[in-house]
Structure formats: C-alpha cells, structure tokens
Amino acid sequence: MQKVLVARPIFPDVIKRLRQYFDVDANDGDALAPDALAARLADKDGAITMGDPVGAATLAAAPRLRVVSNMAVGFNNFDMAAFNAANVLGTNTPDVLNECTADFGWALMMAAARRVAESEHWLRAGHWQKWEYDGFLGTDIYGSTLGVIGMGRIGQAIARRARGFDMRVIYHNRSRVAPEIEAELNAEYVSKEALLARADHVMLVLPYTKENHHAIGAAELALMKPAATLTNIARGGIVDDAALAAALRERRIAAAGLDVFEGEPRVHPGLLEVPNVVLTPHIGSATEKTRRAMADLAADNLIAALGVGPRAGRPPNPINPDVIGKARA
C-alpha cells in the first residue's frame, strides 16, 4: 500500500477517506521543522502540506515522493524548479475559497477604514465616558475609489462587491484582464503608481513571487493618500512590514488591515505598537465550509495523482502538469 503524510492536523473524516487508499501518517501536532518533515517524508509516496516549505533538499531525502498536495491557493512554499527537476507533481486548491476570502478582505478593509478594532480596544479599556462628534472619525467606503492590485479570481470577487457600495474600481495586474471582465466589473486598468495615488482603499490580492517581494514598500506607501487604507489578504512579504509600521505610526496613511505577515507567525513588533491597524492570524479562508472544501480538494488531488480513486491519473489542480506520467528523476 502506498504511504502518504498529512503534515498538519486536518478534519478526521478526510483522514478516514485517505485511509481507504493509503497507509496514512497523520501529524496531529504542530508544524514540522524542516528536518522533521524531511524525515517523515523519507518513505512516502505523497503528502498533503499546508504551507510547509518543500525544496530540493526535502525532495532529495524522499526518493519515493511523487506528489505534494498543498491545501492552499498559493504555493510559494514549493520550490517549483526543484519539483520539475525531480518530476514531482505539486497541486493546490484554487477557486473553492474565492468568495470566502473576498468577504474577509472586505471585512478587514471596512474595519480598518472605520477604526473598528481601535475603538473596540479603547472601549474595553474603559475610556468611553461620553459621545463626541469627532470620536474615531474614519474613512468612507461608499462612493470612494477601490484599488485592487492582483485581478485574479479573488480580486475579481472583491471588485464585484464594490458595485453595492457605488465605488469606482481601478486595478493593476501583471496583465490586463479581458475587456468583458473589465466591463462586468466596471474596472479601469491603471499603473501601480497611479492606483496608489488615486485609491482611497488599496487591496492586495497578488501572488507572492520573488518579483513581488516588497511590492509595497516605503516608496509605494509614500504615493498613497494620507486618508487611504491598505489591506493585505495575499501573502506576507508582498508588503515591507517595517515600512508599513513606520507609515502607520507617522500617520502617512490612515490605517491598514493585515491577515498575512512577513515571517509569520512572527509579526513585526512595530505593527503591534500602532493602534491604526487591524491584525488577524491568516484566517482569510477560515469558514468551516471553505476549509472543508479545501481539505477535500487537497485529498482529491493526492488520491488522483497517486493513481487511485475515480479520477485516477487526473488530479483536478496540477501546478506543473508536464511532469504527470514521468518517472521520478
């Protein structure tokens, strides 16, 4: 029987389904350190990961490994050059979390704009004694300009919601989307610099790549309006967190909402010291329905890629499909 590793805790019913096909090594504890992950993968044919780094050294230590199924849309934890060189398949779980994550992006943006977390902390500390006309004045959402950087499926879902708030939508993307999508979203394509200068609310939904590392840094923050907000639901490392903490501290932008962080779960201490930021622990897809759909899709990818089940040999979401059918190098 083929052996698989589930690198982090997952829904028990998903483990039960995997055990219909495989000898399952399920890690029920915290995330495995790189050496521990490599050791657990040494005799495995496949694995389900949840953001765990898998690179050339890990693949070399696991000569039987044929597929790693990531329970996430992003796969910057995979060294895809190493995967391709070794003929190891990577898979991910796109689409099932688009609407859920778009909802959460809006929640963060609105909380930042209307100073929800800041005012709640103030109230809980016992400071509220009277109503004041200028108490916690925030920034309007309705009728404002939304700037979306990264107009993939989640970016489009975010832009679609803007219609209900009568917002102008501008966007920047690696490539311009089809005219019919622009028309549907009433979205205008602009340069990144123009977007940062014009938008009242900037939403980041772009993938993390080497090219996108610190795509928002001190220079980009300097282009934004003093009353603007920045929301990051994409990946840590896209924003220079130290530069953002300084901009928030000096009120060069009004507020931010962050669900992801560079080096997470570590959070830059400067972000913990400023009141005008909403911080959440990477929970953009955290509804039971969505996380179950992600887990089920990750299992579907693993089962199919290892040649069993109803979709044997045809995983739904291959990242590097060219290696399918090739012998492990």
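Select Asn186 to start. In this predicted model, Asn186 sits in the loop between helix 8 (179–185) and strand 8. Its relative accessible area is 61%, so Asn186 is exposed.

Select residues 34–41, which form helix 2. Helix 2 lies across strand 1, strand 2 and strand 3. Against strand 1, helix 2 runs at about 155°.

Five strands form an open sheet in the order 2-1-3-4-5, and the pairing is parallel. Which strands stand at the edges? Color strand 2 (23–26) and strand 5 (89–91) to see them. Each has a single partner strand, so one side of each is left without a neighbour in the sheet. On average, neighbouring strands of this sheet are turned by 15° against each other, direction ignored.

Zoom in on strand 1 (residues 3–6) and strand 3 (residues 46–49). Three bridges join these parallel strands. Pick Leu5, and you will find Ala47 of strand 3 opposite.

Move to strand 9, residues 201–204. Are its faces covered or open? Both faces are covered. His201 and Met203 are buried on one side, Val202 and Leu204 on the other. In general, side chains of a regular strand alternate between the two faces of the sheet.

Bring in strand 6 (145–149). Strand 6 pairs with strand 9 in the parallel sense, over four bridges. Gly147 stands opposite Val202 of strand 9.

Now select strand 10, residues 229–232. Strand 10 is parallel to strand 9, and four bridges join the two. Leu204 stands opposite Asn232 in strand 10.

**Aromatic pairs**

Show the aromatic side chains. How many aromatic pairs are there? The count comes to five. Two of them follow.

Select Trp122 and Phe136. Their ring centres are 5.2 Å apart and their planes stand at 70°; planes over 60 degrees apart count as edge-to-face, so this pair is edge-to-face. The pair links distant parts of the chain, 14 residues apart. Trp122 is in helix 6 (residues 116–124), while Phe136 is in the loop between helix 6 and strand 6. Trp122 counts as partly exposed, at 27% relative accessibility. Phe136 is partly exposed too, with a relative accessible area of 25%.

Select Tyr171 and Tyr189 next. The ring centres are 5.2 Å apart and the planes are at 65°, so this pair is edge-to-face. Tyr171 lies in strand 7 (residues 168–172) and Tyr189 in strand 8 (residues 187–189), so the pair ties together parts 18 residues apart in sequence. Tyr189 is partly exposed, with a relative accessible area of 28%.

**Last stop: a charge over a ring**

Select Phe11 and Arg292. The charged end of Arg292 sits over the Phe11 ring, 4.2 Å from the ring centre.

Technical notes
Residues are numbered from 1 along each chain as its sequence is written. This is a predicted model: local features need pLDDT of at least 70, side-chain atom pairs count only at pLDDT 80 or more; totals for chains, interfaces and linings use all residues. Side-chain values use heavy atoms; hydrogens and water are left out. Rings of Phe, Tyr and Trp (its six-membered ring) pair if their centres lie within 6.5 Å; planes under 30 degrees apart count as stacked, over 60 as edge-to-face and the rest as tilted. Buried means under 20% relative accessible area, exposed over 50%, partly exposed in between (1.4 Å probe, protein chains only). A charge sits over a ring if NZ of Lys or CZ of Arg is within 6 Å of the ring centre and within 35 degrees of the ring normal. Two strands pair if DSSP finds at least two bridges between them. Axes are lines fitted to C-alpha atoms, for helices over the stretch in contact, and angles run from 0 to 180 degrees between N-to-C directions. Contact means heavy atoms within 4.5 Å.
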